[in-house]
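Let us take a walk through this protein together. Have a look at the sequence and the fold, and then we will pick out a place to begin.

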Amino acid sequence: MGRVDWKRLCLSLFDYKTEKYVVAKNKKVGLLYRLLQLSILLYLVLWVFLVKKSYQDTDTSLQSAVVTKVKGVAYTNTSELGERLWDVADYVIPPQGENVFFVVTNLIVTANQRQGICAEHEDIPDGICFQDHDCHAGVPVIAGHGVKTGRCLRVWNSTRGTCEIFAWCPVETQSNPTEPLLREAEDFTIFIKNFIRFPKFNFSKANVLETDNKHFLKSCRFGPKNQYCPIFHLGSVLRWAGSSFQDMALKGGVIGIHIEWDCDLDKAASECHPHYYFNRLDNKETKSVSSGYNFRFARYYRDAAGVEFRNLMKAYGIRFDVIVHGKAGKFNIIPTIINVGSGVALMGAGAFFCDLVLIYIIKKGEFYRDKKYEEVRGREKRSLESKAKTEGEEMKQGLEEDEPLEGGLPLEQPSNSSWKRNGSLDPQILWPSRSSLQEDAMMNAKQHQILQTVET
C-alpha cells in the first residue's frame, strides 16, 4: 500500500457518514408505524415508569425484627384439672413470642401419670400380642408409650392382649376433642411490633404510630382506618384469613400474618406504610387423619413422699406465622438510562418491522425496494466506464471544432507524411467520414446517458 493510500485511509477516519432516508408515501404503512410508536411510548410511560417504577434503584434485602405478645384470660372447670384460670403464661407457647407463636385453644389431659408398669394401649399395632414371646423384653413399642417387659397381658379368657410396658402410667388417653376448651380465646388480643430496615438506603421504620400518648396501645385496635395500631383481635384475624374461630379452635390450624413494606423513597418517609393480609396456611379442605395442629407437653410435680408425677397435655391450638417482606426504591440515573435506551431500541424494532411490511408484504414492494437499495458497481467497471465516457467527450469536442464540406470531408488533412496524395492511397479510406464520426459520438452520448441513469 502506497503512501497516498495510507494518507487517504488516515483522512477517512475523520469522515462523518450519515444515513440516507427514503420517504414512502404509503398511508397504510405510515399508520402502522405511528401505531407501533404510540404503543411503545405508552408501554414505556405507563407500565415501565409509572407502574413498575423502573427508573428507581431497588433494595429487596429487607432486615426485619418481630416482637409479639398475646393478652387475655380464660376460665375452665374440668374433671381432670378442676377450676382453673388460664392466662398468657399458660396458653402461649413459647412465652417469648417472635415470628412464630402458638395459642392453646383445646386440651386433652392425662392426669397424675407416674413411671411404672402397665398395659400398652390396644390401638397401638406394635403392642398387640398373643403370647409372651410376642413381647420381646427391652424393645420399645413402635409409635407407643414405653418399653416392653416380655409379658403379654390378656383380659379374661381372650386370646388377644397387649404387651406390658414400662412407661408413664396410665398411658395417654386416646380420645378426640368434641368442643374447644378455651372458648374465650376468640377475644384475646395479639400485639405485633415490626421493625424494618433497608440497608442500601439506610432507611428504618416501624409499624407503630409515633406518638407520646401512653394510652394509645391500650385502647386502639387494628382496622382498615387504623393501620398503625399493632393490636389485633384474634377472632378478627381468623375471619380475615377466611376461617372461623370455632373451626380452628377444635383441632387447630396455622394462620399466616403477612406484613408487606413497599416504600417509594422519592417521597416522604411518612408515605411508607405497612400493608397486612392474612391467610390460612394449612389446607383445611384436605381430609386427613392428621388435620389441624397439635403437640404435647407435660407439667411435673412431686407428692409428699417425693414421688414424681406429671400431667400430660395434648394441646390443640392456632399457630401464627408472622411473615415480613418488602422492597424500597429510589431514583437512580443508571436504570433510567438503561430503560430509555431499551425504549429507543424498541422504536428501531418498530421501524424495522415496517420496512419488512413495505418491502416484502405490500403489492408495490419491489418498487419501494428499488428506491431504498441502490446497486453499486465494482471499482474496475467504474474505471472502464469512466474512461469510455472521457474518450467519447473528447471525440465529440473534436467534431464540434471541425467545419464540414459538401462532400463530407474535413477541411484540413493531417500533417503527417503518410497522408500525402501520391496516388497510392485514398485519404477517405484512412480518415473516417464525418457521418461515421457523428454516429460514434451519438453512441457514446447514449452510453453516457445510460451510465448516469445506473449511477442515479
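Ala298 has Leu312 as its bridge partner in strand 16. Five residues separate strand 15 from strand 16 in a hairpin, and Gly306 in the turn has a positive phi of about 90°.

Before going further, please keep in mind that this is a predicted model, where local features need pLDDT of at least 70 and side-chain atom pairs count only at pLDDT 80 or more, while totals for chains, interfaces and linings use all residues. Residues are numbered from 1 along each chain as its sequence is written, and side-chain values use heavy atoms, leaving out hydrogens and water.

Now follow strand 16 to its other partners. Strand 6 (residues 100-119) is joined to strand 16 by 11 bridges in the antiparallel sense, and within strand 16, Gly317 stands opposite Val104. Strand 13 (residues 253-264) pairs with strand 16 in the parallel sense, over 12 bridges; here His258 has Ile323 as its bridge partner in strand 16. Strand 1 (residues 56-59) is antiparallel to strand 16, with four bridges between them, and Asp59 is partnered with Ala328.

Why is strand 16 described as largely enclosed by the rest of the structure? The reason is that 17 of its 24 residues, which span 308-331, are buried. Buried means under 20% relative accessible area, exposed means over 50%, and partly exposed lies in between (1.4 Å probe, protein chains only).

Let us turn to Glu80, found in the loop between strand 3 (74-78) and strand 4 (82-86). Glu80 is partly exposed, with a relative accessible area of 44%. Leaving aside residues up to four places away in sequence, Glu80 touches Val109 and Ala111, where a contact means heavy atoms within 4.5 Å. Glu80 and Asn311 are 231 residues apart in sequence, yet their C-alpha atoms are 9.3 Å apart in space.

Finally, step back to the whole protein, which has 11 helices and 16 strands. Of its 456 residues, 32% are buried. Among contacts with a separation of 6 or more, 68% are between residues 24 or more positions apart.

Terms used:
Helix = DSSP H or I, 4+ residues; strand = E, 2+ residues; numbered from the N terminus. Pairing = 2+ DSSP bridges.
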